[in-house]
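Work through the exercises below with the sequence and model at hand. Each task is followed by its solution.

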Amino acid sequence: MTAITFIAHDGTRYEIDAPDGSSAMENAIRNDVPGIDADCGGACACATCHVYVDERFLEVIAPMEAMEEDMLDFAIDVKPASRLSCQIRIRPDLAGMTLQVPARQA
Ligand code: FES
């Protein structure tokens, strides 16, 4: 298990012990984090799992593949720290990572 935190648009923190190997999105859904709808179920085909990654971890998580980059074009308020949470695989070295849900996604 690896401790990560989602921060909802209203500042509510969801501190989660996430199973290693799961996706960040799966943990958001299991814990009812508002604003993470994951309409495509993690197939990188909807962008409704968009988050802003804690800058300290941007270089630690696996780099973005072309499909995720293309899909992010459909997300709202994209920033340099934007990622699709279904493409973030939980690993022990992500302990302490925070993921902010964009305000307009809620
Ligand atoms: S759940 Fe659809 S792109 Fe992540």
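**Exercise 1.** Find what percentage of the residues in the protein chain is buried.

Solution. Buried means under 20% relative accessible area, exposed over 50%, and partly exposed in between, with a 1.4 Å probe and protein chains only. Buried residues make up 46% of the 106 residues in the protein chain. The model is predicted: local features need pLDDT of at least 70 and side-chain atom pairs count only at pLDDT 80 or more, while totals for chains, interfaces and linings use all residues. Residues are numbered from 1 along each chain as its sequence is written, and side-chain values use heavy atoms, with hydrogens and water left out.

**Exercise 2.** Compare the radius of gyration of the protein chain with that of a compact globule.

Solution. The radius is taken over C-alpha atoms, and the globule rule is 2.2 Å times the number of residues to the power 0.38. For 106 residues the rule gives a value near 13 Å. The protein chain has 12 Å, which agrees. Along its principal axes, the C-alpha trace spans about 30 × 30 × 25 Å.

**Exercise 3.** Count the disulfides and explain the case of Cys-44.

Solution. A disulfide is a pair of cysteine sulfur atoms within 2.5 Å. By this rule the count is zero. For Cys-44 the closest cysteine sulfur belongs to Cys-86, at 5.2 Å, so the pair is too far apart for a bond. Cys-44 has a relative accessible area of 4% and is therefore buried. Cys-49, at 2% relative accessibility, also counts as buried.
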